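Here are some notes to read alongside the structure, written as numbered points. Please keep the chain in view as you go through them.

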Amino acid sequence: MISKFISGFFRHIDSVLLACILFAMMVGLLVLYSASGQQFSRVSAQMINMAVALAVMWGVANVQPQLIERIAIPAYLVGVLLLIAVSLFGDISHGARRWLNIGITKIQPSELLKLAVPIMLAWYFSKRESNLTAIDFLIAAVMLAIPVLLIMKQPDLGTAMLVTASGFYVIFLAGLSWRFILGGLALAGALSPVFWSLLHDYQRRRIEILIDPTQDPLGSGYHIIQSTIAIGSGGVTGKGWLNGTQTQLDFLPERTTDFIFAVFGEEFGLIGNILLLILFAIIIARGFVIASQAKSTFSRLLAGSISMTFFTYCFVNMGMVSGILPVVGVPLPLISYGGTSMLTLGLGFGLLMSIQTHKKLVATG
Amino acid sequence: MAYSTELRNHQNEQHNFKVRLTIAAIIAFVVFCALGLRFYYLQVKRHDYYHTLAESNRISIVPISPNRGLILDRNGAVLAHNFFVYTLEVTPSKISHLDTTIADLAQLVEISGIDLKRFKKLKSQSHSFESIPIRTHLNEIEAAKFAVNRYRFPGVELKSRLYRHYPQGQLGTHAVGYISRINERDLAQLKEDNVISNYKGTDHIGKGGVEQAFERELHGITGFQQVEIDADGKAVRVLSSAAPTSGNNIVLSIDAKLQAIAEKAFGDRRGSLVAIQPNTGEVLGFVSMPSFDPNLFVDGIDYDNWNALNNSIDKPLINRALKGIYPPGSTFKPFVALAGLEAGKREPPFSIQDAGYFTLPNSRHRYRDWKPSGHGSVDMRKAITISCDTFFYGLAMELGIDRLTDFVRHFGFGQKTGLDIHGEVSGLLPTPDWKKRRFKQPWYMGETVIVGIGQGYTLVTPLQLAYATATLANQGTAIRPHIVNAVVNSKTHVVTPIPLTILDKLDLKMQNLEIVKAGMVDVTLPGGTAASVGANAGYSIAAKTGTAQVIGIKQNERYNEKSINERHRDHALFIAYAPAEAPTIALAVIVENGGHGGSAAGPIARKVMDYFLLGKMPAEEVAPNNVKTPPNTLLPNGATPPTLNAEEEHYD
């Protein structure tokens with residue numbers, strides 16, 4: 001009876017993913033405890049975030065992919081409308097307009113688009129399935145560009161980039177011709193001066209500082225200088241949990257959120273870093289397996305895009321903290337402190353599990 | 001067949017998808033390997049380097065503050081610059097007995113009571129680990145004396161700092177502004193604006209005038225030295241450094257000589273003058289009297305000086321040109337005249353018979369002219385010249401308040417001009433809507449009547465009045481006034497001029513403009529209200545005098561200048577542009593409690609125009625002494641409340 005209930009409860013949960021996620025979350029809590037200066041309050045708050053994310057994941061995993069397909073258009077439209085609302089009446093903080101006050105709480109609609117955009121595009125390509133033409137890719141590009149431009153205007157370069165990536169992965173996996181991809185890359189190269197001129201001063205500055213962090217050691221260059229010192233000083237074996245001097249002596253800024261990986265690298269060293277990379281790689285690989293086994297075009301594209309977006313998160317954050325990418329404000333998935341990103345991750349993993357565990361039904365149906 | 005094609009397509013598509021997925025996986029794998037290599041590089045290859053850095057995170061970053069940009073007048077005269085001075089600075093947290101240390105210091109170098117007071121004030125506003133100046137401007141001997149005895153004073157340092165200096169003292173302070181120490185509010189604002197990192201090492205920030213409005217340009221980019229420090233916090237060696245970039249220089253449109261002539265012409269009277277070049281919007285002179293010496297604020301102003309400035313009944317800290325609001329009085333009439341002519345009213349040969357008063361239909365209330373016996377036959381041109389109230393009462397009533405205000409609003413009344421320094425107020429152009437909102441009362445016809453002569457609720461700033469006059473001189477084309485002419489990049493020396501912005505363009509009939517101009521030119525000719533101002537000028541001046549009353553005069557009461565308290569005397573107003581046929585300067589002058597516009601404000605304007613148009617410096621003369629500050633007055637000046645019950649006026 002009980003075992004039946006348990007097996008029913010876990011019916012739509014992918015055990016490989018769940019094991020990796022739980023393991024990463026444990027690591028995350030340990031690092032957070034150290035990074036927050038051994039404050040249990042931060043850790044318990046993060047545990048609540050994680051519990052919520054896991055619950056959302058379970059809920060979404062139990063939803064059939066067909067149902068998700070059906071909400072593709074409404075989710076996309078609501079997301080875009082909320083973005084427009086933000087640009088009209090959003091709250092301004094730190095010079096950017098990202099939050100929408102809906103009375104009870106503030107929401108950040110751009111976060112929603114990270115999933116709404118790939119769902120929408122996957123739905124579109126699955127509808128057009130076998131008769132894809134260049135026009136379809138153009139339409140997809142426009143559907144992608146609308147929310148991205150709205151997010152860039154806020155301005156929130158980090159999120160705009162992630163939404164672009166999640167949409168682009170769908171387009172890429174749907175079979176966009178190599179000619180367009182290479183041509184697009186060439187065009188992007190040619191247009192980069194134009195893009196440069198569209199960037200806000202602070203965004204340009206961040207890229208300049210990446211190239212030479214010593215340019216602004218008082219401001220954002222300070223982050224990169226201190227985080228590379230933290231990682232580098234960790235050595236092969238690390239300084240040990242709670243023993244990172246950079247961390248404990250307050251030299252590292254934002255060390256519980258975007259720069260938490262520097263704490264990890266300092267305390268657990270190269271060995272820890274490689275193991276964490278492998279853990280993330282397993283999650284990504286599992287996502288790819290789910291995508292390749294998926295039975296419908298929609299599921300395939302969505303699973304592939306989610307896996308690649310997760311990969312992008314990992315790469316951009318670790319690259320930024322170790323000083324090879326600009327500081328764009330992307331958290332390290334499953335490790336960084338924060339409720340919103342945890343929730344988005346829960347949704348994403350839920351979608352993957354739903355795709356994986358409902359495919360028999362699809363095959364028979 | 002169809003089915004098999006679809007199936008093949010489907011298989012095809014699945015195959016394509018797997019190829020793409022494999023490519024994605026390879027890319028992800030390669031990128032992760034790259035990250036792994038980066039970690040290897042940081043944590044193995046460069047481990048020793050980073051280990052040392054972390055061990056003694058002991059890299060200190062020392063900001064080097066940039067030189068603040070200069071402020072120059074239109075001809076290159078320096079209004080604000082920097083120079084090095086020695087300062088003696090104390091870090092309270094490093095000293096156990098502050099009072100004895102200060103007493104010992106005072107044996108070595110002079111520390112005055114003012115120095116001490118300022119130090120205490122700064123100390124209360126700063127963190128204890130901040131270094132606070134106790135004495136500034138040490139001379140070489142004092143600096144040397146301290147240097148020899150330095151060992152006796154741990155926690156006290158001799159520093160060489162750049163100081164802001166305003167070589168012209170109080171000249172044009174309200175335009176140039178001043179700098180003072182950064183306070184909590186400034187800090188919060190800098191954080192909000194995301195520029196806080198550029199202010200590490202900067203103690204001062206612009207307050208008021210160009211110093212404030214162009215802070216970003218003037219400040220420059222902070223340089224730094226990345227130094228390795230030992231356990232005591234002393235620099236061992238410099239690891240890297242970047243030189244600061246000086247702030248940009250600002251060239252004003254203000255002419256320092258014109259400014260000086262105008263300020264001197266005011267003597268010890270209070271008031272304001274704004275002179276504008278009509279076709280460019282360049283502000284040539286920006287006077288608010290009395291002024292104050294901005295140098296007082298650079299060190300952190302001491303208590304006594306601050307109290308003296310802040311509590312003075314003359315309110316020198318108030319920027320009258322921007323914030324002083326006055327009834328325009330008769331200087332409003334040319335604009336009302338133009339409103340009438342453009343509406344097709346009062347076109348020549350129309351004239352009235354002025355008996356010395358105006359009455360509304362079905363009312364026995366008399367709106368009196370300033371000349372009780374009346375002016376006889378008066379047409380539009382003469383009405384302006386002799387400032388006939390009766391003529392404008394009737395015109396205003398016939399136009400109606402909405403048509404009147406809608407027209408003059410094009411000249412900037414009731415709204416900010418958009419001058420490039422902060423703090424401007426918008427004055428007031430009353431409308432029935434406004435009155436309903438403000439007082440929840442209906443608008444009365446009588447209120448329209450007195451708006452015709454610039455009375456009632458109408459309020460203007462000197463800047464607005466000058467801007468309106470410049471717009472009139474420019475035949476209806478309103479150009480945004482600006483005090484800054486150009487920004488000169490400190491590195492490249494590239495001069496970026498401030499672009500000319502047209503704010504409004506009225507399509508006016510030439511013959512109407514000519515009538516108003518003719519009336520205004522006659523003002524400065526014999527028979528006009530400011531005949532003495534135009535005497536022997538050598539160029540033609542289009543002008544209008546005005547008087548704004550400070551206290552209400554009751555019906556059947558007479559205004560007697562001699563018997564009235566000086567601070568209750570009327571404000572004198574004067575607007576002019578010259579040469580009348582091709583104006584290059586337009587100005588507005590207000591002398592508070594000055595009496596009559598023609599005699600009190602006009603001569604100031606004349607001196608300014610003589611200098612600007614003829615290059616003539618005013619002859620040395622004894623300052624007018626008809627105005628002495630009486631000690632006991634209560635009425636705040638600067639902003640004079642409009643007299644709400646004034647229905648009957650005494651005017652020029």
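1. The place to begin is strand β4 (residues 132-138) of chain B, because B:H137 lies in it and counts as exposed, with 12 C-beta neighbours inside 10 Å. Please bear in mind throughout that this is a predicted model. B:H137 also has a positive phi of about 55°, although this residue is not a glycine. That deserves a second look, since most residues other than glycine have a negative phi.

2. A second residue with this feature is B:K315, which is not a glycine either and has a positive phi of about 50°. B:K315 is found in a loop of chain B, between α12 (303-311) and α13 (320-323). Is B:K315 buried, exposed or partly exposed? With 19 C-beta neighbours inside 10 Å, B:K315 counts as partly exposed, because a residue needs 20 or more to be called buried.

3. Turning to chain B as a whole, its secondary structure comes to 23 helices and 23 strands. Of its 652 residues, 44% count as buried. When one takes the contacts in chain B between residues at least 6 apart in sequence, 76% of them join residues at least 24 apart.

4. Strand β23 (residues 585-591) of chain B is mostly covered, seven of its seven residues being buried.

5. Strand β11 (residues 271-276) of chain B pairs with β23(B) in the antiparallel sense over six bridges, and B:I276 stands opposite B:A586 in β23(B). Strand β22 (residues 571-578) of chain B also runs antiparallel to β23(B), and seven bridges join these two strands. Within this pairing, B:I575 has B:A588 of β23(B) as its bridge partner.

6. A hairpin of six residues connects β22(B) to β23(B), and B:P579 has its place in the loop between these strands. The peptide bond from B:A578 to B:P579 is cis, with omega near -20°, and this is worth checking by eye, since most peptide bonds are trans.

7. Another cis peptide bond runs from B:P348 to B:P349, with omega near 10°. Where is B:P349 found? B:P349 is in the loop between α14 (333-342) and β13 (351-354) of chain B.

Notes:
Residues are numbered from 1 along each chain as its sequence is written. Chains are lettered from A and ligands numbered from 1 in the order in which they are written. This is a predicted model: local features need pLDDT of at least 70, side-chain atom pairs count only at pLDDT 80 or more; totals for chains, interfaces and linings use all residues. Helices (H or I, at least four residues) and strands (E, at least two) are DSSP runs, numbered from the N terminus. Two residues are in contact if their C-beta atoms, placed from the backbone, lie within 7 Å. Two strands pair if DSSP finds at least two bridges between them.
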